[in-house]
Amino acid sequence: MKNQGVFDFSIEWKELLFSHALSRKNRSHKIAYIAIMTAFTVVANMFFEFKLAETQFSLTLAVSCLTGIVIGPLFGFVACFLGDLVGFFYHSGGYAYYPWIGFAMGMSALIAGFLVNGTKTKGMLGLCIKLSLTAVLTFLICSVAINTTAFWLLYAKGVDFWTYFISRFFIQGQIYNSLVNYALLFVFVPLLQKIKPLKLNFYGFAEKKEEEESEETVEETV
């Protein structure tokens, strides 16, 4: 057996649609997982929001990443986009619909799902590296490049981008919302893997080793 380090960047393209765990389940299980996580994103958009001082807190970033990790990048994208849309219709509060928010949520699921399921790691260190990359990329791409840029173009005329960026994240406090969401991600992803009935595997190497050992056993019996 080939010796492997903490990280193996061989891409698992077949898991672009489903997560590593979900790709091995039957059709009914896949439908059930997708339905549950879609409903979870809807609930997150409806109720997982609150305001503390001047900072608007929402857990949708953590939920989006978890959705992509559990059911896979592409289905995670769709679930999160629909979750944002349905959540808006439930309590729009008279505000306009901002489609880029749903797109950013979907991209968070896509990035998290692909990084965690599409690359193989060894042990908790490898998983933490993948979650760290997820946090950095989703922050830069989704929070900054998509959401902040869209709000800046729409509402901050006459203000340069970096002034608006500093105001949004450090004066209005959105950086704290991001940090809370990423902290929750580091807590809940390892916990989900420990729930045996879910049969989730975010490492990759361990399961691959078991599959190889199983194949060797079959060959020996033959």
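# Briefing on the predicted fold

Buried residues (those under 20% relative accessible area, with exposed meaning over 50% and partly exposed lying in between, for a 1.4 Å probe and protein chains only) make up 46% of the 222 residues in the chain. This is a predicted model, in which local features need pLDDT of at least 70 and side-chain atom pairs count only at pLDDT 80 or more, whereas totals for chains, interfaces and linings use all residues. Residues are numbered from 1 along each chain as its sequence is written, and side-chain values use heavy atoms, with hydrogens and water left out.

**Overall architecture**

- The chain has 8 helices and 4 strands, where helices (H or I, at least four residues) and strands (E, at least two) are DSSP runs numbered from the N terminus.
- Followed along the sequence, these elements give the pattern β-α-β-β-α-α-α-β-α-α-α-α.
- Of the contacts (heavy atoms within 4.5 Å) between residues at least 6 apart in sequence, 72% join residues at least 24 apart.
- The chain has an accessible surface of about 12,100 Å², and 69% of that surface belongs to carbon and sulfur atoms; accessible areas come from the Shrake-Rupley method with a 1.4 Å probe, and for residues only the protein chains shown count as cover.

**Nonpolar cores**

- In soluble globular proteins, nonpolar side chains tend to be buried together.
- A nonpolar core here is a set of buried Ala, Val, Leu, Ile, Met, Phe, Trp, Tyr and Cys residues joined through side-chain atoms within 4.5 Å.
- The largest such core holds 30 residues, of which Ile69, Ile71, Leu131, Leu185, Val189 and Phe202 touch the most other members.
- Helix 1 (27-47), helix 2 (60-71), helix 4 (99-118), helix 5, helix 6 (161-171) and helix 7 (174-194) each supply at least two residues of this core, and the largest share, 6 residues, comes from helix 2.
- Val189 touches Leu66, Ile69, Leu127, Leu131 and Phe202, when residues up to four places away in sequence are not counted.
- A second, separate core of 12 residues includes Trp100, Ile111, Ile146 and Phe151.

- Asn45 has its place in helix 1 and is buried, because its relative accessible area is 6%.
- A polar atom of the Asn45 side chain lies 3.5 Å from the backbone oxygen of Gly83.
- Not counting residues up to four places away in sequence, Asn45 touches Thr60, Gly83, Asp84, Gly87, His91 and Met105.
- Phe40 also lies in helix 1, but counts as partly exposed because its relative accessibility is 30%.
- Leaving aside neighbours within four places in sequence, Phe40 is in contact with Phe48 and Val63, while the C-alpha atoms of Phe40 and Ala79, 39 residues apart along the chain, are separated by 9.1 Å.

- Ser143 is found in helix 5 and counts as buried, because its relative accessibility is 11%.
- The residues that Ser143 touches, not counting those up to four places away in sequence, are Thr138, Thr148, Arg168, Phe169 and Ser178.
- Ile141 is found in helix 5 (residues 123-155) and counts as partly exposed, because its relative accessibility is 33%.
- Together with Val136, Leu137 and Leu140, Ile141 forms a nonpolar patch on the surface with about 300 Å² of accessible area.
- Patches are made of residues with over 30% relative accessible area and no salt bridge, with like charges joined within 9 Å and nonpolar side chains (Val, Leu, Ile, Met, Phe, Trp, Tyr) within 5 Å; a salt bridge is a side-chain nitrogen of Lys or Arg within 4 Å of a carboxyl oxygen of Asp or Glu.

Definitions and conventions. A polar contact is a pair of N or O atoms within 3.5 Å; within protein, one must be able to donate a hydrogen and the other to accept it, and residues adjacent in sequence count only if both atoms are side-chain atoms.
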